[in-house]
Amino acid sequence: MTSILQTSNCEGDELVLLLIHCLPPDIAKLWHTTEDMLVMLKAGGITSYTTSKRIGNLLRTQKRICLEPNRTNHKNHYCFNEKGKEYDDPVQQRNAFREKGRPQIETNYFTKLGITFKFMKTSTTQTTANATTSNNATAATSAAAKNNNNIYNNVKKSNIMSGATTTNNNKNNNSTPKKRSTSSTPSIATETGYMIAHLGIVEEVLAANAEHRKTCRSMLLVHDKRRFGFEVFTDLGCKFCKNTYTIRSGPKPTEAPKVNTPQQQQQQKKKRGRKASPLNMTMTNGMHASAITIAQMQGLCGEVGIVSPSETGQHNMMRMRKDAIKVVAEEVLKENRKEHVRMCKEMNPDNTIKHKDKDGKEHNC
């Protein structure tokens, strides 16, 4: 197996050869999505991948073996054992797994094979690095603790000599002061690392902090991050006064303009739910105007690590844009026809202009 993987020229070739030649027989016969591959690789000991988008991009760009995915429910399903498929399609496999569970790969399966990888990383290769890093971090932590004790003692002596008073809490504290806990809840938006934000987001954070410091001396901490398409909502909160502030990476939606025509009123009544995010609509409009496909946008965000909506969300936003363009185009077309008829009547006051419809009947303009 090692000799086969050593012939790979890029990370995508190595990934495909690993999935074709090194999977257990009962798992190689199944259909796999990129999410299934991510879970399987992590359980098997491969630590190179953190998102399924990265795996999908490698499968599309590799040129070693021609893979023909099965497109079902807007997702690509791959089977790495073409000659011995257990199920004909992913739908049949999904129905079978409802009665019996999906077989799982053994923990650290790929690392136990003893394969030497050229591009991918395993949990065993990171163990040594983590041990060295932990030793260095322990030494640095102990040195920093000693330095903090010296600084605290010097500051305490200077306060006593200058006649500064201390609070009751500090009188009984003979050790180093406790550090403020800055831990926050796990965030779903920290998987990728980058987000698209408007230029005024820094001013909003500073304004929220200044508003909070007027009534409370405690600091704001990040409690949660929520992702909606390209936009990320960051919830800031204070553990002392329990006040919360929400900062969004995109601009706030503006109020809907006043409608004039009955058709516009009908369109507005049909719309329900939350308002569309200006950042999501701006990105969708830019994609449509610059002729960028959804697959290309997904690939770009996956390679760079930008927070982005799912493929289904991208299709829904693109559909909303096309529907809006269709409504506007029909209104403009009606206005153009009315203007054309008006100009024709001015040129022919006797109303002698006639036209035939699709059924062959003549009509006066």
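At roughly what angle do the axes of α12 and α14 cross, and within what distance do they come? In this predicted model, in which residues are numbered from 1 along each chain as its sequence is written, local features need pLDDT of at least 70, side-chain atom pairs count only at pLDDT 80 or more, and totals for chains, interfaces and linings use all residues. Side-chain values use heavy atoms, with hydrogens and water left out.

The axes of α12 (278-289) and α14 (311-347) cross at roughly 75° and come within 10 Å. Axes are lines fitted to C-alpha atoms, for helices over the stretch in contact, and angles run from 0 to 180 degrees between N-to-C directions. On the α12 side, the contact (heavy atoms within 4.5 Å) is made by Asn280, Thr284, Asn285, Met287 and His288. On the α14 side, Gln314, Met317, Met318, Arg321, Lys322 and Ile325 take part. By class, the residues of this contact are four nonpolar, five polar and two charged. Here Ala, Val, Leu, Ile, Met, Phe, Trp, Tyr, Cys and Pro count as nonpolar, Asp, Glu, Lys and Arg as charged, and the others, Gly among them, as polar.

Over the whole chain there are 14 helices and seven strands, where helices (H or I, at least four residues) and strands (E, at least two) are DSSP runs numbered from the N terminus. Of the 365 residues, 28% count as buried; buried means under 20% relative accessible area, exposed over 50%, and partly exposed in between, with a 1.4 Å probe and protein chains only. The chain exposes about 24,900 Å², of which carbon and sulfur atoms supply 53%. Accessible areas come from the Shrake-Rupley method with a 1.4 Å probe, and for residues only the protein chains shown count as cover. Among contacts between residues at least 6 apart in sequence, 61% join residues at least 24 apart.

Helix α13 (residues 294-304) has Ile294, Met297, Gln298, Gly299, Cys301 and Gly302 as buried residues. The cover of these buried residues includes α5, α12 and α14. Just after α13, glycine 305 takes a positive phi of about 95°.

In helix α4 (residues 34-44), the buried residues are Thr34, Met37, Leu38, Met40, Leu41 and Gly44. They pack against α2 (11-21), α3 (25-28), α5 (52-61) and α7 (109-112). The helices α2 and α4 pack at an angle of about 80°, with their axes 13 Å apart, and this angle makes α2 roughly perpendicular to α4. Leu15, Leu18 and Leu19 of α2 meet Met37, Met40 and Leu41 of α4 in the contact. This contact has six nonpolar, no polar and no charged residues.

Most residues other than glycine have a negative phi. Asparagine 108, in the loop between α6 (90-97) and α7, has a positive phi near 55°. Its relative accessible area is 31%, so asparagine 108 is partly exposed. Lysine 242 also has a positive phi, near 65°, and lies in the loop between β4 (231-237) and β5 (244-248). At 63% relative accessibility, lysine 242 counts as exposed.

A search of the whole structure finds four aromatic pairs. Rings of Phe, Tyr and Trp (its six-membered ring) pair if their centres lie within 6.5 Å; planes under 30 degrees apart count as stacked, over 60 as edge-to-face and the rest as tilted. The rings of tyrosine 78 and phenylalanine 80 are stacked, because their planes are at 15°, with the centres 6.5 Å apart. Tyrosine 78 counts as buried at 6% relative accessibility, and phenylalanine 80 counts as buried at 6%. Phenylalanine 228 and phenylalanine 233 form an edge-to-face pair, 5.3 Å centre to centre and with 85° between the planes. Phenylalanine 228 is partly exposed, with a relative accessible area of 32%, whereas phenylalanine 233 counts as buried at 8% relative accessibility.

Glycine 200 is in the loop between α9 (168-171) and α10 (201-213) and is partly exposed, with a relative accessible area of 24%. Glycine 200 and proline 251 are 51 residues apart in sequence and 8.3 Å apart in space, C-alpha to C-alpha.

Key. Parallel < 35°, antiparallel > 145°, perpendicular 65-115°, else oblique.
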